[in-house]
Amino acid sequence: MGGNGVLYPILGFASCVAFIYMSFGDLKLSSLPKGLSLSFVERNGSHFILDGKPLYVNGWNSYWLMAHSMDENSRGRVSAMLQAGAKMGLTVCRTWAFNDGGYEALQISPGQFDERVFQALDYVIAEASRHGIRLLLSLVNNLQAYGGKTQYVKWAWQEGIGLSSSNDSFFFDPSIRKYFKNYVLCRGFVSSEKSSKYCPLGSRPGPPTTEVIVSQGEFCLLKRLLSPTVLTRKNTITGIGYRNDPTIFAWELINEPRCMSDPSGDTLQEWIEEMTGFIKSIDKNHLLTIGLEGFYGPKSPKSAVNPGEWASTLGSDFVRNSNITNVDFTSVHIYPDHWFHDLGFEEKQRYVSKWVRSHIEDCDKELKKPVMFIEYGLSNQNKDFQASQREQFYRTILDIIYKSAKKKGSGVGALVWQFLVEGIEEYNDDFGLVPWETPSIHKLTIQQSCRLARIQGLNQQTGNLKQMCS
């Protein structure tokens with residue numbers, strides 16, 4: 001019992017596992033829907049492997065897909081975006097699989113979900129599969145947008161069990177760690193307790209909960225074991241469990257993790273080790289990445305590559321964090337506009353080339369893992385911005401990736417931030433664009449898709465990509 005009289009979770013992880021086993025049997029892979037022939041993407045050293053062949057990725061970010069799948073009237077834009085991506089030869093889209101607290105939240109409170117929002121995520125996955133697009137799904141935000149770690153800390157603080165009001169307690173508070181694990185897997189708790197000399201044993205099943213009355217001496221405990229959550233959810237449209245669905249390219253642990261209260265990086269490192277191990281214990285089918293920005297820590301010999309001294313004080317370290325066994329591939333962001341305020345465009349370009357090459361070198365020589373540049377963008381708010389600069393900026397990054405892929409290096413792909421369709425201006429920012437409204441970007445995107453497809457072998461391609469690139 002907390003000081004405010006609230007009854008807190010007491011069922012252990014073993015109860016959760018037992019419930020899942022009883023509910024889902026031996027958890028064998030579900031059969032894919034008729035006509036769908038996707039396979040799981042795997043890793044072999046510093047390469048992605050699909051059906052025994054190397055895979056290189058040209059993709060994009062559309063974080064808003066779940067939000068726009070809530071309403072039948074707006075779902076058409078989600079389909080349009082996925083279809084447009086496929087027509088440009090794009091193969092992976094990164095999007096949010098979280099919305100914690102607030103308006104139209106997926107997770108309303110710790111372990112409590114809005115089924116209507118979950119069904120919107122079901123729709124995103126089903127539509128992506130229909131268009132041959134795989135999804136990189138992010139599980140929580142380091143930033144406050146869509147709740148993020150701030151919301152988790154707020155929940156713990158409101159319940160009277162939080163150790164600190166600092167946002168960084170998300171990483172070190174045991175109660176908040178349990179919140180996040182329950183989001184990923186399942187949750188169970190004792191919802192009430194009563195005394196009785198006669199304790200009726202039995203159960204009352206019914207979605208989405210199962211209530212079980214169990215005897216404990218002279219007391220009756222009413223245990224309420226709730227339904228599985230993100231990793232163990234079964235898609236209401238396709239009938240496939242999320243962890244059994246090859247439409248999901250990979251899970252991303254957290255978007256842009258930072259723990260500035262511990263610049264040594266030990267706190268974040270420990271959290272990543274625990275959570276990646278936890279997720280891999282549940283889902284061994286999918287790849288897993290962290291969601292790092294790519295900054296080097298204060299003890300790294302490459303800290304001088306950072307955009308400034310400030311970047312080594314954020315509690316993350318690209319090499320150290322990425323070297324964790326359960327991390328399948330590394331992730332890097334590229335935002336010179338945010339990092340430098342006094343450099344001109346050409347200077348930023350030179351820095352970006354150095355930044356990209358440095359991380360490919362890390363993965364080629366030390367980490368022996370693929371590296372994906374999962375966000376890159378150029379702001380249209382720069383005082384010297386010209387539309388043509390975006391094409392130059394994108395090309396700088398995509399050329400380096402292509403050269404790495406051609407040499408069978410670890411640079412395996414990049415995802416632009418961000419692509420949209422018409423009519424969703426409220427989700428745009430100073431990096432977003434509708435690709436077909438900028439012909440040079442549209443053309444460059446298709447060119448990159450085809451260059452990477454030719455490395456893989458056009459005969460291995462299907463659908464739009466094979467026809468377009470041949």
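Q: What do buried, exposed and partly exposed mean here?
A: Buried means under 20% relative accessible area, exposed over 50%, and partly exposed in between, with a 1.4 Å probe and protein chains only. The model is predicted, so local features need pLDDT of at least 70 and side-chain atom pairs count only at pLDDT 80 or more, while totals for chains, interfaces and linings use all residues. Residues are numbered from 1 along each chain as its sequence is written, and side-chain values use heavy atoms, with hydrogens and water left out.

Q: Is Glu72 buried or exposed?
A: Glu72 is exposed, because its relative accessible area is 61%.

Q: Which residue forms a salt bridge with Glu72?
A: Arg75 does, with the closest N and O atoms 3.7 Å apart. A salt bridge is a side-chain nitrogen of Lys or Arg within 4 Å of a carboxyl oxygen of Asp or Glu. Arg75 counts as buried, at 15% relative accessibility.

Q: How many salt bridges are there by this rule?
A: The count comes to 19 salt bridges.

Q: What about Asp168, which side chain does it meet in a salt bridge?
A: The side chain of Lys149, at 2.9 Å from N to O. Asp168 lies in the loop between helix H4 (148-158) and helix H5 (169-172), whereas Lys149 is in helix H4, so the pair ties together parts 19 residues apart in sequence. Helices (H or I, at least four residues) and strands (E, at least two) are DSSP runs, numbered from the N terminus. Asp168 is buried at 9% relative accessibility, and Lys149 is buried with a relative accessible area of 5%.

Q: And Arg258, what is its salt-bridge partner?
A: Glu293, with the closest N and O atoms 2.8 Å apart. This pair links distant parts of the chain, 35 residues apart. Arg258 counts as partly exposed at 24% relative accessibility, while Glu293 counts as buried at 6%.

Q: Changing topic, in what order do the strands of the open sheet come?
A: The order is E1-E2-E3, and the pairing is antiparallel. Strands E1 (42-44) and E3 (53-55) are the edge strands, each pairing on one side only. Two strands pair if DSSP finds at least two bridges between them. Strand E2 (residues 47-50) pairs with E3 over three bridges, and Pro54 in E3 is the bridge partner of Ile49.

Q: Last one: what follows H12?
A: Gly457 follows H12, and its phi is positive, near 110°. Helix H12 itself covers residues 439-456, and its buried residues include Ile441, Leu444 and Cys450.

Notes: The expected span of a helix is 1.5 Å times one less than its number of residues.
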